[in-house]
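Subject: The model, and what turned up in it

Hi,

Here is the structure I promised to pass on to you. Have a look at it first, and then read on for my notes.

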Amino acid sequence: MHKHLYLLSIFVALCTAFALINEVDGEYLIGVGSYDMTGPAAGVNMMGYGNMEQSTAGIHFRLRARTFIVAESSQGARFIFVNLDAGMASQLVTIKVLQRLKTRFGDLYTQENVAIIGTHTHAGPAGYLQYVVYSVTSLGFIKQSFEAIVTAIEQSIIQAHNNLKPGSIFSNTGDLENAGINRSPSAYLFNPPEERARYPSNVDTTMTLLKFWDPESKKSIGAFSWFATHGTSMSRDNKLISGDNKGAAARFFEDWFTFSNKSFSTPIPKSFTTPDFSTLIKKAQTIKATGGKPCGKTTSQGFKVRKNDGSGFVGAFCQSNVGDVTPNVLGAFCTDTGKPCDFNRSSCNGNDQLCVGRGPGYPDEILSTKIIGERQFQKAVELFNSATNQLSGKIDYRHAYINFTNIEVELDENTVVKTCPAALGPGFAAGTTDGPGVFGFQQGDTEINKFWKQLRDLLKEPSQYQVDCQKPKAVLLSSGEMFVPYAWAPAILPIQMLRLGNFVILSVPGEFTTMAGRRLREAVKETLISNGNGEFDDETHVVIAGLTNTYSQYVATFDEYKQQRYEAASTLYGPLTLSAYIQEFKKLAKAMAAGKKLVGTGLLPPDLSSVQISLLLDPLGDSPPPGKKFGDMKQDVAQPKGGSYKKGDKPSATFWSANPRYDLLTEGTFAVVEMLQKERWIPVYDDDDFCLYFKWNIDSSSFYGLATIEWEVPEEAASGLYRLRHFGSSKKTKDSPNEYFTGASSAFTVS
């Protein structure tokens, strides 16, 4: 009996060992999740361009947090990767997310194995970063923006965690041309010619994709890709919330997978018989607007076309070394003459504000967003369908907090220099060809005139140490030496490496230029190979995840720093910032390759939530005009002259409405297109569709709130009878309870 038990115990141990080997060798636990993170859609400054006049006034399509989790086993190593439709990650967001995860999961997910990255859209609400420089234009901290992001990250992680199941991961890479060009080509030319000769282009054209496969259902559950191009297809004048080109690519990809076709929106069942339009038009004339009616807090969720139950396919398009890469691929031109801008200064007769980049859909920025989004989507589909390289091996991670303001950088055995406190140069104020800055500055400026020096010194005169340390950058704003009312710039930054077999992700808290990213990837890969005892080789693939876990602006090469274009002027910690990153990442890589833990630095970034200043007022209460209800029509859908709308037309309706900040309608919708099918109104498009626009403004004559729903009828829309519906919420006073309402337009036909 004892012998049998002994043999049985050996058998169980062997089975367990083989199971564990199998989990690491080609099969992991995988899970994905997604959650709505759309912030306030009215009156809140947008994050990215630093333009105080650019405040939200509606939604083009919603923003989401998309997450994947991978684990070796239920008790094995794991990590979380979250991709946000946001300008960048935020240190304060990361801190609060980690606190929530600790409450829910204990020590399972920590700063070590959680990465939160932003796509770098410039069309999302601001006010969620904790340092002064990043909250000036938003008038400080905006709790509603912040909470929307933190909650979405948490909920997407919960979904992914609950969805964990055995699965496989495949990787693939391919070149994507014409989705980005270098917006600082003159700075790129400062890099050594022998280094430039190693690369066919002055931007990285490689897209890298991971495909997550569920063998039980024989279906993919998600795909995450990395590709460098700025989220600036939407301009600094745009006021509609948008995920920009990467958010658009994600929407297209998820719809393509879910609906098994290449439709860029929700497919609508085609009629089996050609409708009698004379009859339909007559019927449409009998269906009038509903008028405003009360509804519930979650009613709009039932009208969503894509209901989020946590089981859907998740497609994410992540950012990489994007620093000098623009999606405005036609180039930069002078708005007054139409001629190309000055090559070195990106200005027009000395005026930086006249030099503006053009996207492929110029002058239509929404078309440009769609085109650049489609190019990324189509390449991702190609890589997704042909992905055969199955990942296997260890899951591992390394993380460190480092004070970047005084790192000792060893250039060689005899030369040790230091990084600097954070500072911005005049080239920062000039802006870029994606979004020109302040008049009187040009990219490449290395001197500051007397007026701006006096204004600078009123805020904070830089120390002589700072002036010397930052050269050849002239210090326009010594943000690293400014602490009133609280810190203006970060000092302690996180760096992180995530390993998935032979696939390595470098989480960097900023925007590396093309060449800076190449140098970092190469240095890390060489370190892994030389210290890994054969675990790493030439097939090891290293990707950069930019704008991760916090934000510290740009990282240019030492050579590019000399010209002081925007990217160099925004390289906070001086000319050796990149050298410091490479040095510190090599320490992480060496520890990972050797299987050793890092000695902790004892540093933690500050939690500044208790000292944040918030100057933006909440809405104080809304009411409709006398004799009207919220949801009533201000301007009903116009009936077209031909009796029916055609594909490409834009029917619209305007409703009396309240400020959308009263309730974000998370996982719901402010706008719906309904189609009459068998005497029932069925939602077929919502405010997460690229073809539908929700716009909010104040009526200029009566000063009451208005919501306009505009539908650009897509080519795949079925012929039939439609109407537009609006959802919203209101408060009579600031402290009143929310009241929810809806209303629908009169009917119209589409042929």
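Predicted model: local features only at pLDDT ≥ 70, side-chain atom pairs only at ≥ 80, totals over all residues.

**The mixed sheet and its helices**

There is also an open sheet of 4 strands, in the order β18-β21-β22-β24, with mixed pairing. Its edge strands are β18 (395-403) and β24 (541-545); each has a single partner strand, so one side of each is left without a neighbour in the sheet. On average, and ignoring direction, neighbouring strands here are turned by 15 degrees against each other.

If you zoom in on β18, you will see that it pairs with strand β21 (residues 492-500) in the antiparallel sense, over 9 bridges. A handy landmark there is Arg398, which stands opposite Met497 in β21.

Helix α12 lies across β21, β22 (503-507) and β24, and runs at about 140 degrees to β24. Helix α15 packs on the sheet too, touching β18, β21 and β22, and its direction makes about 40 degrees with that of β21.

How do the two helices sit relative to each other? The axes of α12 (residues 514-531) and α15 (residues 577-594) come within 8 Å and cross at roughly 25 degrees. Angles under 35 degrees count as roughly parallel, so α12 is roughly parallel to α15. Their crossing is right-handed. On the α12 side, the contact is made by Ala516, Arg519, Leu520, Ala523, Val524, Thr527, Leu528 and Asn531. From α15 come Leu578, Tyr581, Ile582, Phe585, Lys586, Ala589, Lys590, Ala593 and Ala594. Sorted by class, this contact has 12 nonpolar, 2 polar and 3 charged residues.

**Another helix pair, and a salt bridge**

Next, please look at α6 and helix α8 (residues 365-386), whose axes come within 8 Å and cross at roughly 45 degrees. That angle makes α6 oblique to α8. Here, too, the crossing is right-handed. The α6 residues that meet α8 include Phe252, Phe253, Trp256 and Phe257, and among their counterparts in α8 are Ile372, Phe377, Ala380, Val381 and Phe384. Altogether the residues of this contact divide into 11 nonpolar, 5 polar and 4 charged.

Across the whole structure, a search finds 41 salt bridges. One of them may interest you: Arg251 pairs with Asp688, with the closest N and O atoms 2.8 Å apart. This pair links distant parts of the chain, since Arg251 is in helix α6 (residues 244-259) and Asp688 is in the loop between β29 (680-686) and β30 (692-698), 437 residues apart.

**A hairpin to look up**

Strand β19 (residues 408-412) and strand β20 (residues 415-418) run antiparallel and are joined by 4 bridges. The hairpin between β19 and β20 goes through 2 residues. Glu408 stands opposite Lys418 in β20.

Most residues other than glycine have a negative phi, and most peptide bonds are trans. With that in mind, here are some spots to check on your screen:

- Tyr362 and Pro363 are joined by a cis peptide bond, with omega about 5 degrees. Pro363 is found in the loop between β16 (355-358) and α8.
- The peptide bond from Lys471 to Pro472 is cis as well, with omega near 10 degrees. Pro472 has its place in the loop between α11 (464-470) and β21.
- Asn533 is not a glycine, yet it has a positive phi of about 50 degrees. You will find Asn533 in the loop between α12 and β24.

Best wishes

Technical notes. Residues numbered from 1 in each chain as written. Heavy atoms only, no water. Axes fitted to C-alpha atoms, helices over the stretch in contact; angles between N-to-C directions. Parallel < 35°, antiparallel > 145°, perpendicular 65-115°, else oblique. Left-handed = near helix turned anticlockwise from the far one by under 90°. Contact = heavy atoms within 4.5 Å. Nonpolar A, V, L, I, M, F, W, Y, C, P; charged D, E, K, R; others polar. Pairing = 2+ DSSP bridges. Salt bridge = Lys/Arg side-chain N within 4 Å of Asp/Glu carboxyl O.
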